[in-house]
Amino acid sequence: SPFFRRLFLPYLLVICAAIGAVGFFSAQHLRESYLERSRLALRDQSRYVSELIAQKLAARDYGAIQAMIKRLREEVDCRITVIDATGAVVADNEADPGSMENHESRPEIREASAAGEGSSARPSATLQQALFYFARKIEVGDGHSTYYVRLAQHLVDLDAQIGKLYTGLAVVALAAMLAAVGVSYVLARRDARPIIELTDFANGLARGELARRYLRHEVGETGTLAAALNAMADSISRLLARTHEDRARLLTILASMNEGVIAADTQQRILFTNKSAAVQFGLGAPPAELEVEGKRLWEVVRSDAILKLARDVLSGGDTGGSVGSDRRTIHVGPLFGRHLEVTACTFPQGSPPEGLIIVAHDTTQSVQYQELRKEFVANVSHELRTPLSIIKGFAETLRDGALADPIRGPQFLGTIERHADQLTNLVSDLLELSRLDGQAGLGRNVPVDLAAVVRRVTEMLLPAAQRKRHRLMVEVDPDLPETIGNADYLERAVTNLVDNAIIYTPKEGNIRVAAYADRAGNAINIEVQDDGLGIAREELPRIFERFYRVDRSRSRELGGTGLGLSIVKHVAQVHGGAIEVQSTPGEGSVFRLKLPIARLKIADAALGA
């Protein structure tokens, strides 16, 4: 690996440099030691030669001296030169003294002149060879004459010895280098392996492999680093697990919110949407919120007001909506059939914005309630105004003298009475609906025998049916189970259904009232079927609304308040049931009141306890 090479090469270079330096300085030291030994040997030999030629120097017998040093050549194995005080060569065993130049300036002669002895290693001007010189100063004739005895040893032999030494050192250095290569390889690999493994471990953590751990036991700094990386991996794993839990919790909360949420960055690129936002902003059916992430806000939101709100909040401009410290709200609608209260703010708070949060609250139901309230007030006002106007008009007519009229007086009083009864029924129905809307329970919550309820209602309304020559058929299951609820409310609901069938069925029509349990045994069905006028398909969704009449003029003439079916719906809902209708214009209608069976209620209560 690159790390191993970076670690191995410095090891190798340092070891090789150390071996080279040791070899170089060792060779220099050995050369100097060899020269020092040569100098000592030449010193001893110069003393010996000086004693031999001292008498002949005193007699100035230079010829004898020349002959003597030539004989000594084999004995001392070195060149011998005798020089007088002026530097003139008087004898030499390897050259002609007469042809030799003055030696007064030679380094070893100057040193011997000053200290008695001197040495130097240099090339010989006479022999043109490298020599090592040693000179000794000799006083003869009681110190009246001065001579120098100089011995020289050829450095060729010295160089040969040193060459052998260098060769040996080179062999030893090469062997040491080869050993150093192996040692440095082993050391570098030993040191590099944990670092390489720790590097791979750290890279694995960076790739998200948080389950990995470094299990090899290390000491020193490497062990400390391994422990720190393992601790970091544990910390990151715990932090990431906590982050995933928080994210999952947050996504669950956002997904379950009724409010639509869109998160975008400062470039209006969508980062997140929930299901409610997909529905409210018309992004498509779930999971369409996953398909819009990464798109620009203006690519998916089809409202100029919302897009302007987003731009203004990001830029800090004025939207014309309510402005807070960091959020702004506008009302949008209808958008895809919905009214929305849209709030936008930047995040994070108190710092430069990194993105935008848009929260949409669906106010459609509130708007519809407001419209229904307005419509309800208008309907109540209308329903009250008509009979009150008639009563007031006929009362004024009676006051003006019609009361004395034996024919018109009783007619006008009958009309007043009929409309007063209509007002009474209207107020009674309104109070009944108010009680049903306002109460959380049923008041008396007891088992109710629906078979008995159906029989009482049909017996009570049988005279009204007979007056119109209706054929009223009653079919009650003999084993009809009971339900849990309020008998008075249930009787009122069944009465309204049967009464409507009598009112809107022409003379000599057929009315069928049936009560039975469904095949699954989960509910009781009370059906009221007639062959009357029927109801158009487009009007069926609205017949349970308050004051809604299929035929307003006929209904009012027949004394209807427009609240009967609404009461039936509310009674069914407070009993945990439902009301269904099937109708065909000209063929009749079937109203089906579905109520839960008593044993299911009792079982649910037992489970709740």
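The protein has 609 residues, of which 39% count as buried. Its secondary structure consists of 16 helices and 18 strands. If contacts are limited to residues at least 6 apart in sequence, 58% of them join residues at least 24 apart. The exposed surface comes to about 33,700 Å², and carbon and sulfur atoms supply 55% of that area.

The mean pLDDT of the protein is 79, and 81% of its residues reach 70 or more. Where pLDDT is low, predicted coordinates should not be read in detail.

Next comes the helix pair. Two packed helices are described by the angle between their axes and by the distance between those axes. Helix H12 covers residues 450-467 and helix H13 covers residues 487-504; they pack at an angle of about 35 degrees, and their axes are 9 Å apart. The crossing of H12 past H13 is right-handed. On the H12 side, the residues that meet H13 are Leu450, Val453, Arg456, Val457, Met460, Leu461, Ala464 and Ala465. On the H13 side, the partners are Leu490, Glu491, Val494, Thr495, Val498, Asp499 and Ile502. Sorted by class, this contact has eleven nonpolar residues, one polar residue and three charged residues.

Two residues of this contact, Ala465 of H12 and Ile502 of H13, are also touched by His470. His470 lies in the loop between H12 and strand E13 (471-476). Is His470 buried or exposed? His470 counts as buried because its relative accessibility is 8%, under the 20% limit. Not counting residues up to four places away in sequence, the residues touched by His470 also include Thr505, Pro506, Lys507, Glu508, Gly509 and Ile511.

With neighbours within four places in sequence left aside, Ser50 is in contact with Arg136, Ile138 and Val149.

The remaining points concern backbone geometry. For Asp77 the value is about 55 degrees; Asp77 sits in the loop between helix H2 (62-76) and strand E1 (79-84). For Gln268 phi is near 60 degrees, and Gln268 is placed in the loop between strand E6 (260-265) and strand E7 (270-273). In accessibility, Asp77 is exposed because its relative accessible area is 54%, which is over the 50% limit. Gln268, at 10% relative accessibility, counts as buried.

Finally, the peptide bond between Phe347 and Pro348 is cis, with omega of about -5 degrees. Pro348 belongs to the loop between strand E10 (338-347) and strand E11 (355-362).

Notes:
Residues numbered from 1 in each chain as written. Predicted model: local features only at pLDDT ≥ 70, side-chain atom pairs only at ≥ 80, totals over all residues. Heavy atoms only, no water. Axes fitted to C-alpha atoms, helices over the stretch in contact; angles between N-to-C directions. Helix = DSSP H or I, 4+ residues; strand = E, 2+ residues; numbered from the N terminus. Left-handed = near helix turned anticlockwise from the far one by under 90°. Contact = heavy atoms within 4.5 Å. Nonpolar A, V, L, I, M, F, W, Y, C, P; charged D, E, K, R; others polar. Buried < 20%, exposed > 50% of the residue type's maximum accessible area, 1.4 Å probe, protein only. Areas by Shrake-Rupley, 256 points an atom, 1.4 Å probe, with all protein chains shown as cover. pLDDT = per-residue confidence, 0-100.
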